[in-house]
Amino acid sequence: MMNELLKKGFFLGLGAAVTGKEKVQTYLDDLVSKGQITPKEADEWMDEMVTKGKSTEAEWSSQAKDRMQDSFKDMGVATQKDINELKEQLAAIELQLAQHIKNNDDENNSN
């Protein structure tokens, strides 16, 4: 029961992705030295902290990217996807124009 309370307080107080690995390790070492957790529990918590930190970082990164894209859309800024689509459309139009010119040249030369 006490270990579970410590664990919850640990995650709540330090946060999964906010605190650096060194601070987490120092905190865990302090708990071990005080006899509040075992070295094995400290290792398990560190592993869990790293895993949670990575998933939280990925989630925050994804959310930030989505917010940024929404802001760009609101401002009317073209995305790389938009630019690539326009390049493809332009290439298709250039091809059609080249074929049209060639067809006209062929018709003029046959007359």
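At 32% relative accessibility, Asp30 counts as partly exposed. Here buried means under 20% relative accessible area, exposed over 50%, and partly exposed in between (1.4 Å probe, protein chains only). Asp30 forms a salt bridge with Lys34. The closest N and O atoms of Asp30 and Lys34 are 3.2 Å apart. Lys34 is exposed, with a relative accessible area of 55%.

The model is predicted: local features need pLDDT of at least 70, side-chain atom pairs count only at pLDDT 80 or more, and totals for chains, interfaces and linings use all residues. Residues are numbered from 1 along each chain as its sequence is written, and side-chain values use heavy atoms, with hydrogens and water left out. The average pLDDT of the protein (the predictor's confidence in each residue, from 0 to 100) is 79. A score of at least 70 is reached by 81% of the residues. Confidence is lowest in helix H1 (residues 2–14), with a mean of 59. It is highest in H4, at 91.

The protein has four helices and zero strands. Helices (H or I, at least four residues) and strands (E, at least two) are DSSP runs, numbered from the N terminus. The order of elements from the N terminus is α-α-α-α. Of the contacts with a separation of 6 or more, 63% join residues 24 or more positions apart; contact means heavy atoms within 4.5 Å. Buried residues make up 15% of the 111 residues. The accessible surface comes to about 8,900 Å² (Shrake-Rupley method, 1.4 Å probe; for residues, only the protein chains shown count as cover). Carbon and sulfur atoms hold 54% of this surface.

Helix H3 covers residues 39–75. Its 37 residues should span 54 Å at 1.5 Å a residue. The expected span is 1.5 Å times one less than the number of residues. The end C-alpha atoms of H3 lie 53 Å apart, which agrees. Seven positions of the helix are listed by name as buried: Glu41, Ala42, Trp45, Met46, Met49, Gly53 and Thr56. Just after H3, Gly76 takes a positive phi of about 80°.

A search of the whole structure finds three salt bridges. The criterion is a side-chain nitrogen of Lys or Arg within 4 Å of a carboxyl oxygen of Asp or Glu. Glu44 and Lys40 are four residues apart in H3, so about one helical turn separates them. Glu44 is partly exposed at 42%, and Lys40 is exposed at 59%.

Asp106 forms a salt bridge with Lys102 at 3.4 Å between the closest N and O atoms. This pair lies in helix H4 (residues 80–110). Being four residues apart there, Asp106 and Lys102 are separated by about one helical turn. Asp106 is partly exposed, at 40%. Lys102 is exposed, at 53%.

Met68, Phe72, Met75 and Val77 form a nonpolar patch on the surface. Together these residues have about 380 Å² of accessible area. Patches are made of residues with over 30% relative accessible area and no salt bridge; like charges are joined within 9 Å, nonpolar side chains (Val, Leu, Ile, Met, Phe, Trp, Tyr) within 5 Å. Met75 belongs to H3. At 57% relative accessibility, Met75 counts as exposed.
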